[in-house]
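Reader: I would like to learn how to read some local features of a model. Let us start with the contacts of one residue.

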Amino acid sequence: MPNQRNIILFTFSGLLLLLAIAGCSTKKNTWTRRAYHSVTCHYNVYWNGEQSLKEAEQTLKESNKDNYNEILRVYNYGTKKTAQGLYPKLDRTIKKASIGIQKHSMFFGGEEKIKWVKYSYFMMGKAHFYKHDYISARRVFDYVAKQYEDDPIHYNGYLWLAKTFIETENYAKAEAALNFLQSRLKEKDFPYDVKRDLPLVSADLYIAMGKYDMAYGFLERGIELGNKRDVIIRANFILGQINQMEGNLNLASEFYKRVIKMNPDYIMDFEARINMAKSYDEGTGDSKNINKVLLKMVKNFQYNEFKDQIYYALAEVALKDHNIEKAVEYLKLSVSSSKNDDFQKTTSSLTLADLYFERGNYPGAQAYYDTAASFLPEDYPNFDAIKNKAAVLSELVTYAQTIQTQDSLQKLSAMDSTQLYAVIDGIIENYKKEKEKKEQEVEEAMSGGGVEFVDIGGGGRPGQSLGGKWYFYNPQAISMGRSAFIQKWGNRKLEDYWFITDKRGLLQGSQELQQEEGEIVSSDSVQGQQLPSNPETRAFYLVNIPSTPEAIRASDSIIVEAYKKLGFLYLEKLNDTAKALQTYLDFQSRYPDNKYRLESWYALYKIYNETKNTDKANYYKDLIVSNYPDSDYAQVILDPDYYTKLNAAKNESAKLYERTYKAFEREQYYRVITYANRAMEQFPEDTALMPKFLFLRAISIGKVDVPDSLYAALDHLIVTYPKSQVTPMAQSVLRMLQLEYGLGITEEQKKALEEEAAKGEETSPFTFAPQKMHLFMLIINSTDVKINPLKVRLSDFKKKYFRLKRLNVKSLMLDNQRTLITIGNFQNKAAADDFYSALKNDKYVLSGLSPDDYQMFTISINNYPIFYREKNVKLYEEFFNKYYSNFDK
């Protein structure tokens with residue numbers, strides 16, 4: 001379109017120039033001279049704005065990162081965070097478009113005489129779109145589409161309006177706009193660029209909706225019509241992904257080959273090659289050749305940052321060849337070599353955890369489930385489901401490992417001292433060998449003249465040398481490592497078992513332990529947490545072995561609890577009836593008289609009933625009915641409609657409570673008491689609503705009777721339902737009665753309560769008003785920071801990224817040691833949050849400042865006077881963390 005515009009412009013302006021030269025001295029040619037001047041000036045303004053837009057588009061293209069773990073979108077417009085870096089160029093585009101429209105528009109006779117005005121509007125809309133300001137973009141594109149209905153540009157307006165609707169997930173309106181364009185394809189003035197892009201925008205819509213089968217045909221049509229080279233490459237890659245997802249592996253490989261032949265950027269080239277390997281079909285392909293290609297890629301330094309994906313592809317090939325051991329080996333390498341790709345680390349960890357779990361390697365499974373949960377990105381497919389599954393499986397692995405550990409300890413406790421010491425000595429010997437091996441590796445690394453820096457979360461590229469310094473001699477590496485450690489583990493004391501928050505679990509063990517190699521271990525030392533800490537001594541291992549009948553019983557109790565929870569997780573959380581059945585059978589076989597036998601019997605009854613094993617189901621049915629005839633489980637077995645009837649009763653109870661609450665709102669206190677008394681008679685077993693009935697009854701009694709009656713009613717509620725939701729409210733009223741009337745307490749207790757109440761908790765004077773005007777606040781330690789250079793950097797930042805907003809930078813002393821810098825005014829909380837997020841991610845403004853030297857906040861205009869008057873930063877920080885902590889990442 002820009003080339004067409006230039007041709008039109010030069011033709012039109014050239015014609016005007018000739019007319020102006022021919023008659024510039026006459027008044028009749030005044031309009032001609034004005035039109036010529038307006039067109040040429042507007043073109044210069046428009047050209048400057050368009051150049052800024054092109055630069056922004058190029059920067060966006062270069063900085064965007066694709067997530068190859070899911071089907072790519074046809075267009076990648078980045079995130080709001082990445083868009084902030086484009087603000088200077090896009091704001092300049094918007095400013096130039098606005099100037100051109102305001103100063104050079106010539107609207108006569110219901111028609112715009114300067115044709116470049118419409119292009120300025122369109123350019124402005126695109127700038128808003130790239131800023132992710134979709135509300136403004138939609139308004140501009142809608143204006144272009146409707147204002148210029150007789151001009152081909154209105155088709156461009158509808159196309160970009162559809163793009164805007166796609167990005168805001170308003171798919172119905174996007175589809176309507178695209179259908180409108182589809183119906184106008186045969187119009188003579190239909191622009192070629194819209195016809196060319198229409199199939200690809202349609203494909204992008206259906207990919208965003210997850211309807212890949214509908215996107216497929218549009219992608220093929222988009223390739224047929226031709227487009228920019230990078231768009232065609234991308235469309236072919238997406239077709240490969242869709243075929244791979246649907247199992248059409250041969251066709252997927254063909255599309256990836258096309259991509260590689262078109263010489264894409266090195267990242268897409270790698271992804272195409274790795275996906276070709278993943279598309280290997282064990283039934284028809286040659287795994288030896290695929291492995292050869294992948295192993296060659298591992299050795300190629302060009303693919304160093306992609307080793308995690310290459311190893312994962314090798315693992316997938318091994319799994320297809322049913323080589324589990326090799327798959328485990330490659331998955332371990334994938335996880336360990338993954339430095340910056342959380343998606344790949346998560347995927348590899350989950351796959352390896354599943355393999356370990358299926359083979360009964362519980363410690364390994366737990367370790368990799370925890371790794372997956374730690375690195376799971378929020379935009380990972382099925383994030384919530386995987387997070388929940390990881391949590392359930394991690395919990396399940398813990399219980400399984402608990403059973404395994406306690407069984408092992410009990411077996412050790414049954415050995416005589418000779419056998420036991422032999423086992424422990426073997427463990428110590430293995431530990432020493434492993435220790436020597438690690439020490440030797442460290443020595444070899446130090447003697448090598450330089451150690452490669454391993455990225456532990458603070459930045460830095462894998463393989464980047466630290467100038468030949470060993471890790472612990474490099475202050476920068478130590479600082480980064482310490483920050484990463486604190487972020488994961490918190491600020492923990494250096495001590496034995498530092499990684500265990502609650503060390504009470506380590507205290508379970510024998511009461512009479514051995515004295516070994518100078519370490520005395522007794523029950524007193526265990527209770528004082530003076531545990532043996534040297535893994536090369538027998539005492540270190542003996543401390544956890546149960547050696548008394550009491551310790552054995554305690555170990556059995558731990559196993560019983562683990563079995564109960566393990567069976568529940570299998571049956572209810574994972575719906576794995578086979579493993580649930582085996583777990584419950586083992587449980588009942590080992591501990592037939594355990595305290596959870598009723599629940600276990602019912603679980604076994606359910607499993608056998610669902611699997612149509614009538615004999616077994618009847619066996620457990622008879623056990624439940626004969627031993628626990630009054631239990632809910634027996635009632636459900638005998639009457640399948642038991643819970644339906646129970647729910648009906650609860651519905652009646654709920655209806656009565658609704659009437660009771662309405663009566664309370666109308667201050668009909670005697671009616672409230674009557675309804676509550678009726679509920680106590682009819683629904684005494686409804687433990688969910690009964691506390692609420694009693695609370696309304698008590699308050700109503702307080703309205704119509706003496707305080708003593710109110711006190712007695714509340715006390716009855718608290719004693720009967722101590723964990724109810726309304727109990728804290730009841731306790732609050734009870735405390736007020738104690739303070740005002742001295743009910744239920746002595747004079748000394750009343751005095752103590754009054755003193756406690758006088759201290760009180762400091763309540764926040766601030767109110768949350770997100771729609772109010774906001775300020776950004778920067779509180780600086782004036783003694784350590786030079787304020788004026790900082791204000792200059794803030795001003796530069798404001799002009800560069802927020803030049804279209806009329807923001808003022810002000811500073812004043814907060815106290816003798818701190819300076820308060822404010823920037824505003826922002827229209828609302830969201831606008832202030834954008835500024836906060838952009839500044840937080842900027843490396844220029846706060847460069848050289850220690851985190852201890854400044855604090856950043858946003859604050860509403862109504863809270864600012866309160867803050868400045870109180871000057872209580874800690875109090876506002878608590879309020880800020882509660883209401884203002886959710887910023888774009």
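Author: Contact means heavy atoms within 4.5 Å. Leaving aside neighbours within four places in sequence, Ser860 is in contact with Thr767, Ala769, Lys772, Met773, His774 and Tyr884. Ser860 belongs to strand β8; helices (H or I, at least four residues) and strands (E, at least two) are DSSP runs, numbered from the N terminus. This is a predicted model, in which local features need pLDDT of at least 70 and side-chain atom pairs count only at pLDDT 80 or more, while totals for chains, interfaces and linings use all residues. Residues are numbered from 1 along each chain as its sequence is written, and side-chain values use heavy atoms, with hydrogens and water left out.

Reader: Is Ser860 buried or exposed?

Author: Buried means under 20% relative accessible area, exposed over 50%, and partly exposed in between (1.4 Å probe, protein chains only). Ser860 has 0% relative accessibility, so Ser860 counts as buried.

Reader: How should I read the sheet, and in what order do the four strands come?

Author: Strands of a sheet pair through backbone hydrogen bonds, either parallel or antiparallel. Two strands count as paired if DSSP finds at least two bridges between them. Here the sheet is open, with the order β6-β7-β5-β8 and antiparallel pairing. Its edge strands, β6 (808–813) and β8, each pair on one side only. On average, neighbouring strands are turned by 20 degrees against each other, direction ignored. Axes are lines fitted to C-alpha atoms, for helices over the stretch in contact, and angles run from 0 to 180 degrees between N-to-C directions.

Reader: How many bridges join β5 and β7?

Author: Seven bridges join strand β5 (residues 774–781) to strand β7 (residues 818–826), in the antiparallel sense. As one example, Ile779 has Leu820 in β7 as its bridge partner.

Reader: Which strands does helix α36 touch?

Author: Helix α36 (residues 829–840) packs on the sheet and touches β5, β7 and β8; its direction makes about 165 degrees with that of β8. Ten of the twelve residues of α36 are buried, among them Phe835, Tyr836 and Leu839. The buried residues pack against α3 (80–84), β5, α35, β7, β8 and α38.

Reader: What span should α36 have?

Author: The expected span of a helix is 1.5 Å times one less than its number of residues. For the twelve residues of α36 this gives 16 Å, and the end C-alpha atoms are 16 Å apart, which agrees.

Reader: Now the aromatic pairs: how many does a search of the whole structure find?

Author: A pair of aromatic rings is described by the distance of the centres and the angle of the planes. Rings of Phe, Tyr and Trp (its six-membered ring) pair if their centres lie within 6.5 Å; planes under 30 degrees apart count as stacked, over 60 as edge-to-face and the rest as tilted. The search finds 48 aromatic pairs. One of them, Phe857 with Tyr876, is edge-to-face, with 5.6 Å centre to centre and 85 degrees between the planes. Phe857 lies in strand β8 (residues 854–860) and Tyr876 in helix α38 (residues 873–883), so this pair ties together parts 19 residues apart in sequence. Phe857 is buried, at a relative accessible area of 3%, and Tyr876 counts as buried at 0% relative accessibility.

Reader: Which peptide bond is cis?

Author: The bond joining Gly824 and Asn825 is cis, with omega about 5 degrees. Asn825 is found in strand β7.
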